[in-house]
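Please examine the structure shown below.

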Amino acid sequence: MDQIADFNVLKVVRSSGTLREQVVAKLRKAIIAGTFAPGERLVERRLVELLGVSRTLVREALRQLETEGLIETLPYKGPAVTALTAEQVRQIYEMRAAMEGLAAKLFAERASEDDIDRLDATVKAIARCYRLGDGDGQRAAVENFYEILLAGTGNAILMGFVGAQRARLAWLRAVSLARKGRSRTSIEEKRAIVAAIKARNTVHARALTEAHIAAAFDSVSRVLTDVRSARPRERAGRKRP
């Protein structure tokens with residue numbers, strides 16, 4: 001995953017928005033981008049220095065991100081980036097397939113032509129950012145794709161169910177796209193979904209979305225397996241002879 005070379009980008013700007021919102025957004029973005037790795041402890045003192053805010057604001061932000069599933073509090077260790085198990089990832093993607101497959105079906109049925117044009121435009125934006133090597137822009141465009149898709153369903157309950165997992169899903173999408181070649185194939189899959197939606201083919205739109213999520217799950221699983229297998233080798237390499 002993309003790494004932020006200079007941690008100064010985490011520094012909070014006090015002139016816009018509330019400080020708490022900015023701290024939450026900065027930390028969320030850093031976790032999704034992979035700056036803080038799964039399982040990594042988040043030491044309050046270090047975060048205070050990196051963000052340039054009070055310890056109280058850091059604690060409030062950590063509590064917010066814990067409700068989003070990005071952070072967990074470990075006994076005797078404190079807050080750390082959530083390290084999902086393989087079983088948890090499987091369950092999340094089962095939920096995604098069910099919810100987003102339904103969203104594609106409903107969107108194909110109910111969305112206006114303007115909504116469809118906007119969805120198509122986001123795929124073009126994703127492809128453009130990919131060509132330019134703009135990882136942040138690509139992730140933002142992908143999030144916009146799903147926001148438009150869900151909004152066009154006309155189903156507020158569905159939006160709420162998926163929205164509750166928004167931050168965790170954004171992190172997993174970033175993991176998936178980190179795998180070599182996945183970004184390109186993901187774009188092609190989204191193009192096919194939009195084409196089915198334009199044709200108002202609800203069955204095909206749903207099937208393509210479910211297949212897209214299955215491919216994303218395979219990508220995430222492979223990346224996380226590689227990360228887990230690399231950790232014992234890294235620890236062994238750090239041992240003194």
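The questions and answers that follow concern a predicted model.

Q: What makes up the protein, and in what pattern along the sequence?
A: The protein has 10 helices and two strands. Along the sequence the pattern is α-α-α-β-β-α-α-α-α-α-α-α.

Q: How is the packing of helix α4 and helix α7 described?
A: Two packed helices are described by the angle between their axes and the distance between the axes. For α4 (residues 86-110) and α7 (residues 156-163), the angle is about 145° and the axes are 11 Å apart. The crossing of α4 past α7 is left-handed.

Q: Which residues make the contact between α4 and α7?
A: From α4 come Met-99, Glu-100, Leu-102, Ala-103 and Leu-106, and from α7 come Leu-158, Phe-161 and Val-162. By class, seven are nonpolar, none is polar and one is charged. Glu counts as charged, so Glu-100 of α4 is the charged residue in this contact.

Q: What makes a set of residues a nonpolar core?
A: The residues must be buried, be of the listed nonpolar kinds, and be joined through side-chain atoms within 4.5 Å. The largest such core here has 66 residues, and Leu-27, Phe-36, Leu-47, Trp-171 and Ile-197 have the most contacts inside it. Helix α4 gives the most to this core, with nine residues.

Q: Which residues are in contact with Ile-197, leaving aside its neighbours within four places in sequence?
A: They are Ala-104, Phe-107, Ala-108, Ile-116, Leu-119, Leu-149 and Ala-205.

Q: How much of the protein counts as buried?
A: Of its 241 residues, 43% count as buried, which means that their relative accessible area is under 20%.

Notes. Residues are numbered from 1 along each chain as its sequence is written. This is a predicted model: local features need pLDDT of at least 70, side-chain atom pairs count only at pLDDT 80 or more; totals for chains, interfaces and linings use all residues. Side-chain values use heavy atoms; hydrogens and water are left out. Axes are lines fitted to C-alpha atoms, for helices over the stretch in contact, and angles run from 0 to 180 degrees between N-to-C directions. Helices (H or I, at least four residues) and strands (E, at least two) are DSSP runs, numbered from the N terminus. A crossing is left-handed if the near helix is turned anticlockwise from the far one by less than a right angle, and right-handed if clockwise. Contact means heavy atoms within 4.5 Å. Buried means under 20% relative accessible area, exposed over 50%, partly exposed in between (1.4 Å probe, protein chains only).
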